[in-house]
Every structure is written in C-alpha cells, then in structure tokens.
Amino acid sequence: MRLELHKVKIQDVQFGDNTRINDGVLYVNRKELQELLQADKRLGKVEIELARPGERCRIVQVADVIEPRSKIGSQGSFGFAEKYTTLGEGETSVLQGVAIILSDCRGKGEATISGESHGNIIDMAGPGSEVSPFGQTLNVVLLPQPKDRVSGMDYQAALKMAGLRAATYLARAGENLKPDEIEIYDLPPLTEVMKSIDTLPKITYIFQILSLQFEPIPGEPTLFGKQAEGMIPTIVHPNQVLDGAITSAAPGLNVQTYQIQNHPMIKELYRRHGTELCFAGVILTVAHNNVADFDRMADISASLAKWVIGADGAVLTKTGGGAPELAMARTAQRCEQLGVKTAIAMLHMGADFKDAKYGASTIFSMPEVDTIVSMGVPYTELTLPPVEKVIGGPRSQSEDLTAKGEMVQWMGSIKGSLCQLGSSRLTAVRY
Amino acid sequence: MKESDDMLRVIHYVNQFFGGMGGEEKAETGPQVHDGFLGPGRAIQTALGSRGEIVATIICGDNYFAENIEGASEEVIKLLTPFKPDLLIAGPAFGAGRYGIACGAVCRAAMNQMRVPAVTGMHEENPGLDLYRNEVYIIPTEASARGMNVAVPRMVNLALKLAAKEKIGRPSEEGYFPRGLLVNEISNQTGAERVVSMLLKKLRGQSFESEVPRPNYDHVIPAPRIEDIRRAKIALVTDGGLVPKGNPDEIEMRTATRFGKYTLKGVDCLRPEDYEVRHVGYDSVFVRQDPNRLVPVDVMRDLEREGAIGKLHEEFYSTTGVANIVETMRKMGEKIAEELKVNGVSGVILTST
C-alpha cells in the first residue's frame with residue numbers, strides 16, 4: 001500500500017475573497033466556509049477566527065485539532081464527514097503549518113470535564129506557545145454554536161464533523177499545486193513484508209484508539225467513519241491511520257486528531273523499517289472500564305500479535321487516564337505471556353507519585369511489564385501571561401475577562417503540550 | 001584545625017550510643033553539645049578534609065527524641081543556632097529506627113527553620129526513611145555500622161554539593177533515596193524514538209534501563225469471610241463521587257481529601273433529583289440518571305426484604321477516587337472502617353469507577 005502526502009508549506013493565513021493558496025499564503029473565504037459548516041442542522045452560527053504564532057491571543061475550550069487534508073481526485077472528505085473514501089493509498093493533499101482548532105462553545109459546565117475553568121487552551125505567544133506545537137501553527141479556529149435543543153453529544157459529534165469538513169475544504173486549495181514536499185509511505189502486505197529482511201525482528205504497534213472511561217459519542221467518526229465503541233481488536237495498515245481512518249475521540253485526553261494524522265509511532269516504525277526492524281502492521285484496540293473486558297481485549301490483541309501477525313515484539317500506547325493505563329499494561333502482560341516482547345510509552349496519570357514510599361508512577365505493578373518509556377507528567381504548573389484577545393468560550397456570557405489575565409495552568413490542560421502517541425521529547429524523572 | 005573563610009561550618013548529630021555516652025540506659029538523655037567531632041564524626045571530618053570543619057556535635061538519647069519529636073527538634077535547633085552552621089550531617093543511623101527518625105527530624109528542622117542544607121543516611125528498612133524521604137536527602141546504608149566507610153563519603157559528597165548550591169543530579173547518579181518528585185525534563189529523543197529503541201534492545205538481549213521503575217504497592221489481605229450473611233449488616237461505600245445535591249461536605253472532584261456519609265434511613269431507592277456526582281475521572285451520565293447504579297440501595301433493600309442479608313447499614317460513605325494520594329486514602333479508609341466497626345457492620349460493598 002503506497003500513500004503519497006503532497007505537502008504544501010503555508011507561511012501565512014488570511015481571510016480573502018476566495019479560498020486559494022498564493023505564494024505560500026492561504027486565503028480563506030470566511031463566508032463560504034461558514035455556510036458549508038452551518039449546513040449541519042445541529043449547528044447554529046459558526047464563527048471562524050484566525051490565530052497566528054506570536055499574536056497575544058489565547059484559544060479556550062479547545063476540543064480537538066485537525067490538520068487540513070484532502071484526498072486528491074476523490075469526492076469524499078477527510079475523516080468520513082461525507083462520502084466513503086478509500087484511505088491509505090493514492091495521493092493526499094496536506095497544508096503543512098496550518099491547524100484547524102475546534103472550540104467547544106457550550107457553557108462551561110458542559111464543555112470542560114477537566115475541572116479547569118477554561119478547559120484546554122492554546123496560547124499563541126509566551127511560555128504556553130512554546131510547550132505546544134499548536135502555539136506554532138497557523139490556526140483556523142472554528143466556533144460552532146449549538147442549536148437550541150441539540151443534545152450535548154449531538155453537538156460534540158457535529159463539532160468534530162465541522163472540523164473534518166473544514167479540513168477537506170481547506171486542503172482542496174492545495175490539490176492542484178506543486179507540493180513543496182512529497183512524503184511516501186509504502187509497505188507491502190504482511191505476507192510479503194518480511195521478504196529480503198527476514199533477519200530483522202517483526203514489530204507491531206498496538207494502538208489504543210478510544211477510552212470507555214467516558215461515554216462514547218454516537219455519531220462521532222472515530223474509526224473509519226463510525227464510533228469504535230463496540231469493536232474487537234483488529235489489524236489495519238499503518239497508512240490507513242495516517243490517512244484519516246482514525247480521529248481523536250472526545251474528550252481527547254492528550255491525543256489530538258492532528259497527532260494521529262502525523263502519528264509519531266507509525267512514522268518512527270516506518271523510519272526504521274528495513275534497517276533495524278520489520279514493521280508488521282498496526283493493531284487497533286479500545287480501553288474498556290472493567291476487568292473482564294481488559295482481559296478479553298488484551299487476549300485478542302496479544303493473540304493477533306502472536307498468532308496472526310507472528311510478531312517478535314510490540315510497542316504500545318494508551319489514550320485517556322487510569323483505566324486505559326491498566327488496559328494497556330494488561331495487554332503488554334498478555335503479549336509477554338505469549339512470548340511477544342513489549343515496550344510501552346506512557347504519560348503518568350492517576351498514580352500517587354508524591355509518596356516516595358511506593359515509588360509509584362504507574363497504577364499497575366506487573367513483573368512482565370518492565371520496559372516503559374516515560375513521556376512526562378501532566379501536573380507541572382505553568383504561569384501564562386495575560387493576552388490581548390481570547391477566542392472561544394460560551395457566547396451567551398459577556399466577555400470572560402478571567403481568560404485574558406495571567407493564569408496558572410497545569411501542563412495537561414495546554415492542548416498539545418503532552419502527547420500519548422510519542423511526539424514529545426518530555427520524560428518524567430524521579431528525584 | 002584552622003578555620004578559614006571558605007571552610008564550611010558543619011554540625012554533626014549523633015545518638016547516645018554513637019556519641020559514646022552508652023546504650024539503652026542512656027537513651028533518655030536530652031540533647032547536649034560537644035565541641036568538635038566525636039565518634040563517627042572522625043570519618044566525616046576526614047571526608048570533609050579542608051572543605052569543612054565539624055564545629056560541634058549534638059548528642060541526644062534516642063528515646064528522649066522519639067517520645068517528643070517536635071520538642072526535641074526544637075531543642076536541637078536552639079543548641080546549634082549559635083554555631084551559625086552552613087551544613088548539618090546526621091547519623092548515619094543504619095537500621096536503628098528511633099535514631100533514623102531523629103536524624104530525619106533534625107535534618108528537616110535544620111532545612112525548614114534555619115535554611116541549612118542537611119543530609120543523613122540510613123538503611124532502606126529504617127522507619128525514618130518513609131517519614132522523611134520526601135523532604136530530606138537520605139543516603140542508603142547497610143543495616144549495621146559496618147557500612148560506615150561506604151556511607152560517610154557519599155553523605156559528605158552530597159552535603160558539599162548542597163552547601164555549594166550545585167544542581168543535585170538524579171538519585172541513581174548521586175546515590176540518595178528518591179524523594180517523591182517527578183519532574184519533566186526534555187530528552188534528546190521523542191517518546192516514539194525511545195520506546196522503539198528500548199524494544200529493539202530488549203529483543204537483541206542488550207541491556208536497557210526502563211525509564212519507569214516498578215512500584216512496590218502494599219498487598220491488601222482480605223478479611224475472613226462473613227460467617228452468616230443472612231445476619232450480617234452490610235454497608236455501601238463508593239469512591240465514585242456520589243453526593244447529595246449541593247455537595248454539603250465539599251468533596252473535591254479530583255485528589256479528594258474528604259469523604260461524606262449520607263443517611264439511608266427510610267430510603268428505599270436513591271432518587272436522581274437528590275444527588276450529584278463530583279468526579280472528573282469517568283463519565284457519570286448513567287449514575288446521574290440512576291444513582292443506584294453506583295450505590296445499589298434499591299437491590300440491597302430487596303435483599304434485605306428477602307432475608308438474603310441481615311440489614312443494610314443506614315448510611316452510605318462516599319468520596320472521589322481520582323488521582324488520589326495513597327496516604328490520604330489510607331487514612332480515609334481507616335476512619336470509615338473504624339466507624340463501620342463501631343456500628344456493627346461486618347461486610348462492605350465497595351463500588352469503584
């Protein structure tokens with residue numbers, strides 16, 4: 001399966017009469033995009049704002065971040081907001097340097113489960129912008145208002161759809177341009193992938209795509225256009241993941257769709273394929289919230305790795321907080337029991353690491369799971385200076401002045417500062 | 001020994017035994033000052049060399065200290081203040097429990113009250129370790145004084161670094177017990193690069209160091225089974241954050257420090273309009289629809305009527321279990337268990353989310 005990412009580098013974004021790219025500047029026809037998104041009957045007015053790096057601006061109640069992409073020569077839209085499209089092969093237009101930011105415009109109580117008063121934020125200047133990649137992208141912020149009597153879940157599904165539609169709409173502008181760069185992802189089927197490299201270890205990636213800690217949102221396209229809730233672990237080609245098969249399910253704890261589109265683990269396995277390892281597919285799984293399902297999903301994933309793929313080793317990541325950590329650890333343990341060596345990468349959440357007595361930075365303790373990479377701890381505090389402009393938040397309230405002022409935020413609430421998938425260089429060190 | 005301006009003024013703390021006063025029979029002796037070094041202080045002075053001088057040794061009986069830790073700490077601080085010390089070294093206490101506690105307490109007091117850097121040493125099973133390791137730099141030692149020659153140079157090295165306000169490296173580099181801090185640092189590789197490298201090393205049989213050590217959690221031994229469930233009084237306890245509307249006990253949504261107990265007298269079934277959920281770690285929509293899904297009062301009343309259990313305890317207990325401190329939860333658990341015991345409860349259904 002061969003995927004070509006045709007990347008057009010964008011240097012600036014502005015509103016303009018028609019949506020196009022000229023000399024590296026993306027012009028957005030605000031009205032046209034607005035009308036496209038407002039066609040969704042669940043949404044009222046959809047405001048669109050721009051936020052560029054260096055501007056003293058803060059985006060609040062951020063729900064997800066999506067890179068503009070479209071399938072060249074296809075009528076479908078990225079992430080299945082429209083017609084079904086074959087993913088993973090062919091050419092995909094990418095607007096590099098641009099991000100679509102979804103801001104949840106409901107009242108605070110509904111929009112923020114994190115307990116932070118402004119939800120997840122993105123700062124475009126100052127220390128907050130330095131810790132997140134989205135402080136350095138040209139951001140097109142979507143602010144969809146919910147229509148009256150639309151349920152919270154329907155609104156959240158509509159919000160995600162709006163982001164996916166906008167991603168396709170913007171990336172279409174790059175389809176007929178000569179790309180600045182073409183990235184090629186080409187990997188043969190599992191039956192042939194070992195040819196001529198059969199001395200290298202076969203490595204698979206077990207990717208937890210959804211956490212059932214939170215009630216899944218019906219209608220949110222998290223896996224090939226559908227909600228992944230009821231799935232059993234399954235094998236996909238890594239190109240399908242890179243090409244929009246998976247989006248970050250709300251509430252997206254430290255995983256954004258943008259990071260899945262640029263999946264750091266998949267890119268890393270590709271980079272080493274053929275020299276140090278043989279990249280043998282991706283196993284998708286879901287983190288349940290009870291022991292019976294932990295065991296069930298762990299056994300199915302491990303069996304796929306061992307008996308279907310024949311993997312020598314597996315890397316694992318998680319999504320969400322505590323229960324997903326246990327689900328991942330149980331899966332790694334089951335792999336080890338079947339003879340598939342594992343290494344896991346994780347953020348520290350849920351454990352009481354302040355009490356040195358337990359030496360705890362994981363909530364599990366399994367002798368077989370002994371190969372762990374730390375990707376940081378979300379509870380570091382950062383003081384953010386005041387800003388001139390706040391984008392997002394509930395419209396029904398008068399302008400929220402507290403969001404403009406200096407604020408102390410924990411790292412985990414700065415969207416993009418932490419990554420469950422391995423893109424950041426953070427590591428938590430025990431002192 | 002000659003004093004010079006750049007020579008650190010060091011205080012050494014020892015117990016009655018290492019201070020040469022005697023054994024248990026002198027353990028009630030209060031703190032006193034001895035000029036210069038004494039006992040193990042000689043080894044410390046040798047390790048300090050010309051960088052520091054032990055200007056005084058404080059000696060205190062172990063029982064005297066252990067019986068009134070705060071008072072004794074105060075007395076020690078009063079005694080050492082006139083010496084204007086730059087550094088405090090306590091022990092090492094090896095496996096001696098009361099001595100370890102005294103060393104930890106003196107170090108903490110010196111650091112917190114006088115801003116004087118302090119170091120001690122003890123064996124990993126010394127009870128002073130868990131009491132003070134979060135605040136005090138403690139060097140691992142053997143259980144007995146045979147480990148003196150190894151421990152002292154390590155203690156002195158770390159103490160000199162602290163006095164010079166140098167950056168203190170990782171526990172494995174500097175040789176102290178980890179202190180319960182988890183600090184974000186920037187690696188030269190991404191998480192993805194590191195985890196793939198680590199897996200390849202593991203597969204090749206090469207040595208690698210996991211970035212996350214395995215925690216050593218306590219094992220909970222289950223209570224013996226209930227002899228006759230049909231006569232037993234059963235209580236409902238949850239960490240799912242169910243509280244009466246308005247959250248009267250102000251239970252926190254994460255890292256809770258409190259629990260509440262709420263009456264079930266005359267309650268046959270929990271009504272959704274009476275309760276709310278304070279918890280950020282799960283989606284509480286189904287509990288808010290029907291609180292009995294978390295705290296199953298409805299079925300417990302059925303079982304009560306059927307005679308399957310003796311009685312449902314007339315209060316349910318609730319707190320919030322998300323990102324909690326183990327020690328806080330242990331105390332809450334002890335308090336709840338104590339109250340349940342007093343009320344004749346012999347079994348608990350604990351629902352977690």
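Which domains does the domain assignment of chain A give? In this predicted model, the assignment gives domain 1, made of residues 2-182 together with 380-413, and domain 2, made of residues 186-374. The C-alpha centres of these two domains of chain A are 27 Å apart. Where they meet, 24 residues of domain 1 of chain A are in contact with 26 residues of domain 2 of chain A. On the domain 1 side of this meeting place, β1 (2-9), β7 (62-66) and α4 (152-171) of chain A each contribute at least two residues. Of these elements, α4(A) gives the most, with five residues. Sorted by class, that side of domain 1 of chain A holds twelve nonpolar, five polar and seven charged residues.

Nine helices and 23 strands make up its secondary structure elements. Its radius of gyration is 21 Å, close to the 22 Å that the globule rule gives for 431 residues, so chain A is as compact as a globular protein of that length. Along the principal axes, the C-alpha trace of chain A spans about 60 × 55 × 40 Å. As for how the chain folds back on itself, among contacts in chain A with a separation of 6 or more, 79% are made by residues 24 or more positions apart.

The next stop is the place where the two chains touch. Here 56 residues of chain A are in contact with 48 residues of chain B. On the chain B side, β7 (182-186), α8 (191-204) and α11 (326-342) each supply at least two residues. The most comes from α8(B), with eleven residues. The side of chain B that touches chain A divides into 24 nonpolar, eleven polar and 13 charged residues. Strand pairing also links the chains: strand β23 of chain A (residues 426-430) is joined to β7(B) by five bridges, and the two strands run antiparallel. Within β7(B), B:Asn184 is the residue that stands opposite A:Ala428.

The partner of β2(B) is strand β3 of chain B (residues 52-60), and the two pair in the antiparallel sense over four bridges. In this part of the sheet, B:Asp35 stands opposite B:Ala56 in β3(B).

Finally, how is chain B divided into domains? Its domain 1 covers residues 8-174, and its domain 2 covers residues 229-351. The C-alpha centres of these two domains of chain B lie 46 Å apart.

How values were computed
Residues numbered from 1 in each chain as written. Chains lettered and ligands numbered in written order. Predicted model: local features only at pLDDT ≥ 70, side-chain atom pairs only at ≥ 80, totals over all residues. Domains from an automatic or database assignment. Contact = placed C-beta atoms within 7 Å. Nonpolar A, V, L, I, M, F, W, Y, C, P; charged D, E, K, R; others polar. Rg over C-alpha atoms; globule rule 2.2 N^0.38 Å. Pairing = 2+ DSSP bridges.
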